[in-house]
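This report describes selected features of the structure shown below.

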Amino acid sequence: MADLSGKQTSDENLSPDQQKHEGCNAKSRTVHCEDASPKMTSDSTILQPEGRAERKAFHSVRNIVYPHRGLFYMILSSICYASLGVFIQLVPSLHTLEISSIRAIFLITLPAIGLVVSSFKPTFSKLSKSICFWVALNSILCTAIQITMFIAYSLAPVGDVSAIVNNTPLLSGILARIFLKERLTVYDIILTVVSMAGVVLVTKPEFIFGKSDQEGSGTHFIGALWAIAALICLSFLSVVTRKLRSNDSSNASILTLIFGLVALPASAILNTFLGGWTLPVNISEILSLIAVGFVGFLAPHTFNLALKSIKTVSGAVVSTLIIVISYLLQFLVFKTYPDIVSGTGVVLILSATFGVFVLKWRESRASEESEDDKKENTDF
């Protein structure tokens, strides 16, 4: 009581302004303490900050998915490329070069809309002559792949064309050794021979297997030759795309847009002189053309995104999923399946690509272990 009365007496001796100031400080301390104290519910449980659990779950999923985004993009690209051949064969009344022109319109329109919406501003100051050369080469190769692959789809089954075109792992490894100075072993050469044997079995050239009496065997061989031309261009493309991965010009939308600007006049000019312009005959062909445009946009766009974050050969290995998906769609849509010879060739191709995957996976593990050893020695 003495202490309390003493405090009261000291407060009473203060001037009115000092008492007002002291009261404000006490009020602010009270409010601060009330805000700092945990809020209690009726059952005396502490309320957790709203959204903390959701944010933690989101970051956990992002930490798992984001490092493997290249794999996700490559799988999505594989599905798009596999379904692209099916949609092309569902439009028999139009020439393949006309379909290529329609796809190029989507390749220009969709990336342009995305760039406008995202307010993308390219940094032209960082462009050099070498970068412009690789960007131009990327667009030319993409155009060549589109034209040759579309012609191949019109002459041969979807699965056989995909088995040839997407036999890129080993050829990409050889080109990466030449241009990117990546390592090439004896095992890679052996697997290349196995893979090329599979291509021969799928192609079934007449000078090896003789002339077949089956209907469409002549067009099948011509379509296989066009597919081989697309294979060569695609292998070069995978190396060129990785060459651009560290530059601002490697933006996937920019590359796709420039690809469309090159592909549209090339396809239109060739179609004018070789094919002629026609109109789709029914609504199903119109829907198939729209699907060709959208799927044809997603395929190279996701392919460019994938090769920015995964190795050349690893990306080519994952892209061989197109072969399996193409044969599956060929059976579901057209009710056709490969014969014994083509099936054997597909097995050889898939076996070779799986062998490349195992070799590259072991090399990556060995390099990671060596880096860990170097870090340990440095820390010591």
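## Nonpolar surface patch

Leu90, Leu328, Phe331, Leu332, Val333 and Tyr337 make up a nonpolar surface patch whose accessible area totals about 590 Å². Patches consist of residues with over 30% relative accessible area and no salt bridge, nonpolar side chains (Val, Leu, Ile, Met, Phe, Trp, Tyr) being joined within 5 Å and like charges within 9 Å.

The model is predicted: local features need pLDDT of at least 70 and side-chain atom pairs count only at pLDDT 80 or more, whereas totals for chains, interfaces and linings use all residues. Residues are numbered from 1 along each chain as its sequence is written, and side-chain values use heavy atoms, with hydrogens and water left out.

## Helix 15

Phenylalanine 331 belongs to helix 15 (residues 321-334); helices are DSSP runs of H or I with at least four residues, numbered from the N terminus. With 42% relative accessibility, phenylalanine 331 is classed as partly exposed, the class between buried (under 20% relative accessible area) and exposed (over 50%), with a 1.4 Å probe and protein chains only.

The buried residues of helix 15 are Ile322, Ile323, Ser326, Tyr327 and Gln330. Viewed down the helix axis, these fall within an arc of 130° and so line one face of helix 15; the arc is that of the directions from the axis to the C-beta atoms. Just after helix 15, lysine 335 has a positive phi of about 60°.

## Helix 9

The 18 residues of helix 9 (residues 186-203) should span 26 Å at 1.5 Å a residue, and the end C-alpha atoms are 26 Å apart, in agreement. The expected span is 1.5 Å times one less than the number of residues.

Buried residues of helix 9 include Asp188, Leu191, Ser195 and Val202. The buried residues of helix 9 lie within an arc of 130° about its axis, so they line one face. Val186 and Val193, on the other side of helix 9, are exposed.

## Aromatic pairs

The count of aromatic pairs comes to 3. In one of them, phenylalanine 133 and tryptophan 134 are edge-to-face, 5.4 Å centre to centre with 70° between the planes. Rings of Phe, Tyr and Trp (its six-membered ring) pair if their centres lie within 6.5 Å; planes under 30 degrees apart are stacked, over 60 edge-to-face and the rest tilted.

Notes:
Helix = DSSP H or I, 4+ residues; strand = E, 2+ residues; numbered from the N terminus. Areas by Shrake-Rupley, 256 points an atom, 1.4 Å probe, with all protein chains shown as cover. Salt bridge = Lys/Arg side-chain N within 4 Å of Asp/Glu carboxyl O.
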